[in-house]
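User: I would like to learn how to read a protein structure, one feature at a time. Could we start with the strands and then go on to helices and rings?

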Amino acid sequence: MSTLQNKIDFVALVTAERANPNGDPLNGNRPRVTSEGYGMISDVCIKRKIRNRLQDMGERIFVQSGERADDGYGSLSDRARGELSGCGSNEEYAEAACGKWIDVRTFGQVFAFKAKDNKKGSGDSVPVRGPVTIHQAMSVNSIDVDSIQITKSVNSESTEGGKKSSDTMGSKHMVNFGLYKIKGSINVQLAEKTGFSEEDAEKIKECLRTLFVNDCSSARPDGSMTVEKLYWWTHSSKIGQYSSKRVHDSLRVELNDGVTYPHSIDDFTITLEELDGLSVEVVDGI
């Protein structure tokens with residue numbers, strides 16, 4: 001595999017319709033909203049979805065969710081001990097981890113040890129800095145959150161005499177409609193250290209294009225979350241001709257005049273500023 005040679009910036013436009021893009025467990029699992037009323041999806045949530053898509057593509061993943069564990073290990077520490085026990089120096093450990101797991105050489109990872117797990121006899125850690133960074137996704141428009149009351153009429157536990165227990169009340173929250181921007185970059189200098197390749201970059205591009213495939217749930221029914229467009233800028237050098245902010249800001253998305261409550265991406269005007277010497281690939285999402 002050829003190591004990445006050119007800096008990359010990207011933006012994905014994502015729509016959410018009657019869905020909960022990323023619930024906040026500290027706020028009753030309501031969709032995340034800023035103090036100004038804009039919707040937000042955490043970078044951790046986005047990375048989780050990318051890891052899941054990589055796993056669907058047959059790639060080996062270090063940070064696996066419990067229900068998706070496919071290698072027999074029940075925790076990250078078990079996985080690290082089982083796969084990297086023969087490594088000596090920290091450098092050898094990091095190199096082996098990057099070679100085994102694509103998410104480590106993509107996003108990085110901190111491998112922390114307890115004293116009993118470290119050959120030196122003391123606690124230690126091996127940090128790996130990954131080349132792919134992703135911002136918290138923010139909605140272009142301020143969002144409205146609807147809440148509905150739901151009931152659960154099935155017995156969760158047996159009752160005395162076998163009688164039916166009382167219905168359990170609950171709430172379900174969703175965004176009426178929101179258009180979110182997922183922004184990110186790929187750093188060549190860090191890619192050289194982890195071995196992140198041109199082929200890996202193409203896999204990340206495909207993951208972003210298909211971000212919500214196999215991601216359906218009660219909070220996000222199939223079709224409620226969609227990647228509308230993916231913008232992929234490849235610079236002509238390692239450091240890039242422009243800063244990532246300049247590139248991300250070249251894509252402007254504004255609510256159309258007279259539209260108060262958007263219902264589709266057609267209610268927005270999308271303008272892409274041409275940057276001299278920098279080409280952009282525009283890909284339709286799924």
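**Strands, helices and rings**

Analyst: Strand E1 (residues 8-19) and strand E11 (residues 225-234) run antiparallel and are joined by nine bridges. Keep in mind that this is a predicted model.

User: Which residue of E11 stands opposite Ile8?

Analyst: Thr234 in E11 stands opposite Ile8.

User: How many bridges pair E11 with strand E14 (residues 279-284), and in which sense?

Analyst: E11 and E14 pair over six bridges, in the antiparallel sense. In that pairing, Leu230 has Val283 of E14 opposite it.

User: Now helices. What span is expected for helix H6 (residues 198-209), and what does it reach?

Analyst: H6 has twelve residues, and at 1.5 Å a residue 16 Å is expected. From its first C-alpha to its last it reaches 17 Å, which is close to that.

User: How should I read the list of buried residues in a helix?

Analyst: Start with the general idea. An α-helix has 3.6 residues a turn, so residues three or four places apart point the same way. Now the case here: the buried residues of H6 are Asp200, Ala201, Ile204, Lys205, Cys207 and Leu208. Down the axis of H6 these buried residues fall within an arc of 160°, so they line one face of the helix.

User: What covers the buried residues of H6?

Analyst: The cover includes E1, H1, H4, strand E10 (168-186), E11 and E14.

User: Which residues are buried in helix H2 (residues 76-84)?

Analyst: In H2 they are Arg79, Ala80 and Leu84. Seen down the axis of H2, they fall within an arc of 95°, so they too line one face of their helix. Their cover includes helix H3 (90-100) and strand E5 (108-113).

User: How is a pair of aromatic rings described?

Analyst: By two values, the distance of the centres and the angle of the planes. In this structure, a search of the whole finds six aromatic pairs. One of them joins Phe62 and Trp101, with 4.8 Å centre to centre and 50° between the planes, and it counts as tilted.

User: Where do Phe62 and Trp101 lie?

Analyst: Phe62 lies in the loop between helix H1 (43-56) and H2, and Trp101 in the loop between H3 and helix H4 (102-107), so the pair ties together parts 39 residues apart in sequence. Phe62 counts as buried at 2% relative accessibility, and Trp101 is buried at 0% relative accessible area.

User: How does the pair of Tyr93 and Phe111 read?

Analyst: That pair is edge-to-face, with 5.5 Å centre to centre and 70° between the planes. Tyr93 lies in helix H3 and Phe111 in strand E5, so this pair ties together parts 18 residues apart in sequence. Tyr93 counts as buried at 8% relative accessibility, and Phe111 is buried with a relative accessible area of 3%. Ring pairs link Phe62, Tyr93, Trp101 and Phe111 into a cluster.

User: Let us end with a single residue. Is Ser42 buried or exposed?

Analyst: The cut-off for buried is under 20% relative accessible area. At 13% relative accessibility, Ser42 counts as buried. Ser42 has its place in the loop between strand E4 (38-41) and H1. A polar atom of the Ser42 side chain lies 3.1 Å from the backbone nitrogen of Cys45. Leaving aside neighbours within four places in sequence, Ser42 is in contact with Asn22 and Gln136.

Technical notes: Residues are numbered from 1 along each chain as its sequence is written. This is a predicted model: local features need pLDDT of at least 70, side-chain atom pairs count only at pLDDT 80 or more; totals for chains, interfaces and linings use all residues. Side-chain values use heavy atoms; hydrogens and water are left out. Buried means under 20% relative accessible area, exposed over 50%, partly exposed in between (1.4 Å probe, protein chains only). Helices (H or I, at least four residues) and strands (E, at least two) are DSSP runs, numbered from the N terminus. The arc is that of the directions from the helix axis to the C-beta atoms. Contact means heavy atoms within 4.5 Å. Rings of Phe, Tyr and Trp (its six-membered ring) pair if their centres lie within 6.5 Å; planes under 30 degrees apart count as stacked, over 60 as edge-to-face and the rest as tilted. A polar contact is a pair of N or O atoms within 3.5 Å; within protein, one must be able to donate a hydrogen and the other to accept it, and residues adjacent in sequence count only if both atoms are side-chain atoms. Two strands pair if DSSP finds at least two bridges between them. The expected span of a helix is 1.5 Å times one less than its number of residues.
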